[in-house]
Every structure is written in C-alpha cells, then in structure tokens.
Amino acid sequence: MTFRKLTPNLVVRDVAASAEFYRSMFGMKVDKTVPEAAPYLFASMVSGSVEIFLNDQQFVAKEFPAIAGPPLGGTLTLYIEVEDVRRLHDEVLAKGATVTMPLTDQFYGMREF
C-alpha cells in the first residue's frame with residue numbers, strides 16, 4: 001500500500017473563526033465550505049500541497065457523541081514544513097498569535113515552534 005496524502009481533520013468550535021485564523025496567520029486559502037455561506041459545518045484550507053479540514057464540533061458530535069464534551073483541548077499538533085520558519089514565526093507573533101513553544105533547533109535537525 002502506498003499512502004498518497006495526509007490531511008489533518010480538525011474538530012473545532014467555530015469553523016469560520018478557525019478558517020480566518022489559518023488565513024490571517026498563515027496565508028492559507030479557503031478551498032471549499034459546507035454550506036457555501038456561514039455558519040459553516042466544514043471548511044477545507046489549502047496552501048500549496050498542504051490541506052487542513054475544519055469540522056464543526058456540534059455537527060460531528062451527531063455521529064460521534066463523545067466529541068460533544070468535555071471541551072476540546074490540545075490533543076493534536078501539526079507539523080507544516082515551510083521555507084523560512086524564522087520569518088513565519090516572526091510574522092505570526094507580529095499578528096498577535098500565542099506561540100506555546102519558542103522557536104527551537106531540535107536535536108533531530110529541525111527548527112520548529
């Protein structure tokens with residue numbers, strides 16, 4: 001078996017607000033939404049070959065009731081490789097984002113935040 005693609009599928013409280021975060025912080029674009037106008041149940045964000053799905057928590061909870069509560073928390077991290085991580089780090093800080101891990105050169109050779 002060969003894997004062709006991996007798309008993080010994030011369950012969020014507010015799809016529109018989450019899409020705006022990925023747009024304003026990282027320059028991602030909305031590829032599609034369901035429905036076409038807010039309030040959204042789903043959005044697909046893209047930048048180059050990177051894609052992130054955003055799904056409304058309450059809608060997803062209809063199929064998977066355990067997702068309805070307790071409140072969502074930090075259960076996922078995303079690794080997105082970029083050309084200039086220092087520049088991205090500085091840009092998101094300048095835009096007011098909270099960065100929970102400082103820009104660090106890791107022992108395995110990656111620079112990440």
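In helix α1, Val15, Ser18, Ala19, Tyr22 and Met25 are buried, that is, under 20% relative accessible area with a 1.4 Å probe and protein chains only. Viewed down the axis of α1, these buried residues fall within an arc of 150°, so they line one face of the helix; the arc is taken from the directions from the helix axis to the C-beta atoms. An α-helix has 3.6 residues a turn, so residues three or four places apart point the same way.

The model is predicted: local features need pLDDT of at least 70 and side-chain atom pairs count only at pLDDT 80 or more, while totals for chains, interfaces and linings use all residues. Residues are numbered from 1 along each chain as its sequence is written, and side-chain values use heavy atoms, with hydrogens and water left out.

Helix α1 covers residues 15-26 and reaches 16 Å from its first C-alpha to its last, close to the 16 Å expected at 1.5 Å a residue. That expected span is 1.5 Å times one less than the number of residues. At the N-terminal end, Asp14 caps α1, with a side-chain oxygen 3.1 Å from the backbone nitrogen of Ala16. After α1 comes Gly27, whose phi is positive, near 75°.

The buried residues of α1 pack against β1, β2, β3, β4 and α3.

Methods
Helix = DSSP H or I, 4+ residues; strand = E, 2+ residues; numbered from the N terminus. Buried < 20%, exposed > 50% of the residue type's maximum accessible area, 1.4 Å probe, protein only. Contact = heavy atoms within 4.5 Å. Polar contact = N/O pair within 3.5 Å; in protein donor to acceptor, adjacent residues only side chain to side chain.
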